[in-house]
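Work through the following exercises with the structure open beside you. Each task is followed by a solution that goes step by step.

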Amino acid sequence: MQVQSLEVTTGKSSEIEIADGVFGVPYNEALLHQVVVAQMAGMRSANAVQKNRAAVRGGGRKPWKQKGTGRARAGSIRSPIWRGGGRAFPGGNENYTQKVNKKMWAGAMRTVLAELLRQGRLQIIQQEDFGEPRSRLGRDWLSRAGGDNVLLVMGEVPLNLFLGLRNFPRVGIAGWQDVGPADLLQYGRVLLDVEAAARLGEVYG
């Protein structure tokens, strides 16, 4: 498949060949939905923690003797049936990850890359770098590239380019091996450099 690649700094474009088996496959919504849900579930932190009776402070002394008081037996004031006691089945440390086969992941990547290309939201660019790590250069480069709300996927992330663009909240920069379907859908546009497009074609083709 022949597509246009853009050199953002100069505005020059040229024809390059990309893998038709990756960027030309039909859209599979069910597969893409399943993989995106699994990827986002794996990013959940599950940091809410409740305490069981062993983790609640206090309760080491028996409240009253076992027999002779007329009251029910009690061994600790931190029992789950007491006010201020621990939870019988505390929440926390849940594992939300979902298993995704390699073939499913590869199929979802092919689907999302092909659909973004059909929608005009994916563009191939030549790999570039800035002369110095300046946000001013990054702002000018983004204006020539068509604005922010963009994800840059590169074969190798240039240092000055990364430092010049990292302060923009709606700009993402990642290596080709670090992105998944949910990452590609998070932004309005995706800019792939030539090396990243070639590597994605090799791996998922």
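A salt bridge is a side-chain nitrogen of Lys or Arg within 4 Å of a carboxyl oxygen of Asp or Glu. Keep in mind throughout that this is a predicted model.

**Exercise 1. Find how many salt bridges there are, and describe the one between arginine 170 and aspartate 148.**

Step one is the count, which by this rule comes to three salt bridges. Step two is the pair itself: the side chains of arginine 170 and aspartate 148 meet with 3.0 Å from N to O. Step three asks where the partners lie: arginine 170 is in the loop between α5 and β5 (171–175), aspartate 148 is in the loop between α4 and β4 (150–154), and so the pair ties together parts that are 22 residues apart in sequence.

**Exercise 2. Describe the salt bridges of arginine 118 with glutamate 115 and of arginine 199 with glutamate 202.**

Begin with arginine 118 and glutamate 115, whose side chains meet at 3.0 Å, N to O. These two residues are three residues apart in helix α3, and therefore they are separated by about one helical turn. To class their exposure, recall that buried means under 20% relative accessible area; glutamate 115, at 19%, therefore counts as buried, whereas arginine 118, at 45%, is partly exposed.

Continue with arginine 199 and glutamate 202, where the closest N and O atoms are 3.6 Å apart. Both residues belong to helix α7 (residues 194–204), and they too are three residues apart, about one turn of the helix. Arginine 199 is partly exposed, with a relative accessible area of 33%, while glutamate 202, with 57%, is exposed.

**Exercise 3. Which geometry does each aromatic pair have, tilted or edge-to-face?**

A search of the whole structure finds two aromatic pairs. In one of them, tryptophan 64 and tryptophan 82 are 5.9 Å apart, centre to centre, with 35 degrees between the planes, and the pair is tilted. Both tryptophans lie in the loop between α2 (29–42) and α3 (102–118), so that the pair ties together parts 18 residues apart in sequence. Tryptophan 82 counts as partly exposed, at 28% relative accessibility.

For phenylalanine 130 and tryptophan 141, the ring centres are 6.4 Å apart and the planes stand at 65 degrees; since planes over 60 degrees apart count as edge-to-face, this pair is edge-to-face. Phenylalanine 130 sits in the loop between β3 (122–125) and α4 (135–145), and tryptophan 141 in helix α4, 11 residues apart, which links distant parts of the chain. Both of these residues are buried.

**Exercise 4. Where do the charged ends of arginine 44 and arginine 71 sit?**

The charged end of arginine 44 sits over the ring of tyrosine 96, at 3.6 Å from its centre. The charged end of arginine 71 sits over the ring of tryptophan 64, at 3.9 Å from its centre, and tryptophan 64 is also a member of the tilted pair.

**Exercise 5. Which residues form the nonpolar patch on the surface?**

The patch is formed by Val157, Leu159 and Phe162, which together have about 250 Å² of accessible area. Phenylalanine 162 is found in helix α5 (residues 159–165), and at 34% relative accessibility this phenylalanine counts as partly exposed.

Key
Residues numbered from 1 in each chain as written. Predicted model: local features only at pLDDT ≥ 70, side-chain atom pairs only at ≥ 80, totals over all residues. Heavy atoms only, no water. Phe/Tyr/Trp six-rings, centres within 6.5 Å; stacked < 30°, edge-to-face > 60°. Helix = DSSP H or I, 4+ residues; strand = E, 2+ residues; numbered from the N terminus. Buried < 20%, exposed > 50% of the residue type's maximum accessible area, 1.4 Å probe, protein only. Lys NZ or Arg CZ within 6 Å of the ring centre and 35° of its normal. Patch = residues over 30% accessible without salt bridge, like charges linked within 9 Å, V, L, I, M, F, W, Y side chains within 5 Å. Areas by Shrake-Rupley, 256 points an atom, 1.4 Å probe, with all protein chains shown as cover.
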